[in-house]
Amino acid sequence: STYQDAAATYYLRGKPTYKIAAGEIIVDSRSLNYNASRGVRVWSLGLPDKQHFVTAALVWNTAAQTLTCPGPTDLSYHGVAIRTDHLSANLATGMITTGKSIAKVGAGGPAPTSTNRSP
């Protein structure tokens with residue numbers, strides 16, 4: 001099934017934890033895996049460490065509870081803006097793994113970084 005201008009909420013232990021919005025989402029009705037594209041945004045709800053990311057495309061794997069952004073992704077994490085070449089987020093554990101990244105830290109401008117963080 002294909003959905004245009006779609007939005008969804010992820011629940012963890014009965015509480016809304018993340019929201020996603022995308023211009024298009026294609027869902028595999030058997031596995032409930034999906035591909036999202038066109039202005040994909042994901043942000044946390046009610047978590048102590050606010051997370052937000054924007055990407056062109058995203059793949060959801062239901063069995064692994066993992067979002068994968070295979071291309072460039074802008075991530076806001078712990079108040080730091082990070083640009084990474086790919087990102088994977090396990091929504092059940094909160095673990096976020098990024099690829100080659102550049103973080104904007106204060107007035108000093110971009111600084112190279114490698115991130116593998118969990119909230």
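1. Contact means that heavy atoms lie within 4.5 Å. With neighbours within four places in sequence left aside, T84 is in contact with G71, P72, T73, T98, G99, K100 and S101. T84 is found in strand β7; strands (E, at least two residues) and helices (H or I, at least four) are DSSP runs, numbered from the N terminus. T84 counts as buried because its relative accessibility is 2%, where buried means under 20% relative accessible area, exposed over 50%, and partly exposed in between (1.4 Å probe, protein chains only). From C-alpha to C-alpha, T84 and G99 are 5.8 Å apart in space and 15 residues apart in sequence.

2. A note on the source. This is a predicted model, in which local features need pLDDT of at least 70 and side-chain atom pairs count only at pLDDT 80 or more, while totals for chains, interfaces and linings use all residues. Residues are numbered from 1 along each chain as its sequence is written, and side-chain values use heavy atoms, with hydrogens and water left out.

3. The overall make-up. The protein chain holds ten strands and zero helices. Of its 119 residues, 34% count as buried. Among contacts with a separation of 6 or more, 28% are between residues 24 or more positions apart.

4. Strand pairing around β4. Two strands pair if DSSP finds at least two bridges between them. β3 and β4 run antiparallel and are joined by eight bridges; in this pairing, N35 stands opposite V59 in β4. β4 also pairs with β6 in the antiparallel sense, over five bridges, and F53 has L75 in β6 as its bridge partner. A further antiparallel pairing, of β4 with β5, has three bridges, and here N61 stands opposite T66 in β5. The hairpin of β4 and β5 has four residues between the strands, and in this hairpin Q65 takes a positive phi near 55 degrees.

5. The nonpolar core. A nonpolar core is a set of buried Ala, Val, Leu, Ile, Met, Phe, Trp, Tyr and Cys residues joined through side-chain atoms within 4.5 Å. The largest one has 23 residues, of which Y34, L58 and L67 touch the most other members. Two or more residues come from each of β1 (2-12), β2 (15-27), β3 (34-44), β4 (51-61), β5 (66-69), β6 (73-77), β8 (87-90) and β9 (96-104). Apart from its neighbours within four places in sequence, L67 is in contact with Y10, Y34, V42, F53, L58, V59, W60, L87, S88, A89 and L91. In soluble globular proteins, nonpolar side chains tend to be buried together.

6. Salt bridges. How many salt bridges does the structure hold? There are three, a salt bridge being a side-chain nitrogen of Lys or Arg within 4 Å of a carboxyl oxygen of Asp or Glu. R38 pairs with E24, with the closest N and O atoms 3.9 Å apart. This pair links distant parts of the chain, since R38 is in strand β3 and E24 in strand β2, 14 residues apart. R38 counts as partly exposed, at 46% relative accessibility.

7. The other two salt bridges. R30 and D28 form a salt bridge whose closest N and O atoms are 3.7 Å apart. R30 is exposed at 76% relative accessibility, whereas D28 is partly exposed at 28%. In the salt bridge of D74 with R83, the closest N and O atoms are 2.9 Å apart. D74 counts as partly exposed, with a relative accessible area of 34%, and R83 is also partly exposed, at 43%.

8. A loop position. G79 lies in the loop between β6 and β7 (80-84). Is G79 buried or exposed? G79 is exposed, because its relative accessible area is 71%. G79 and Q51 are 28 residues apart in sequence, and their C-alpha atoms are 8.2 Å apart in space.

9. The largest pocket. On a 1 Å grid over the protein atoms alone, a pocket is an open set of points with protein on both sides within 12 Å along at least five of seven lines, and lining residues have an atom within 4 Å of a point. About 290 Å³ of space lies in the largest pocket, a volume being the space filled by probe spheres set on the points, which are joined across faces, edges and corners. Of the 19 lining residues, A8, Y10, I20, Y34 and W60 are the closest to the centre of the pocket. The elements giving two or more residues to the lining are β1 and β2, and β1 has the largest share, seven residues.

Conventions
On a 1 Å grid over the protein atoms alone, a cavity is a set of points where a 1.4 Å probe fits but cannot get out, and a pocket is an open set with protein on both sides within 12 Å along at least five of seven lines; lining residues have an atom within 4 Å of a point.
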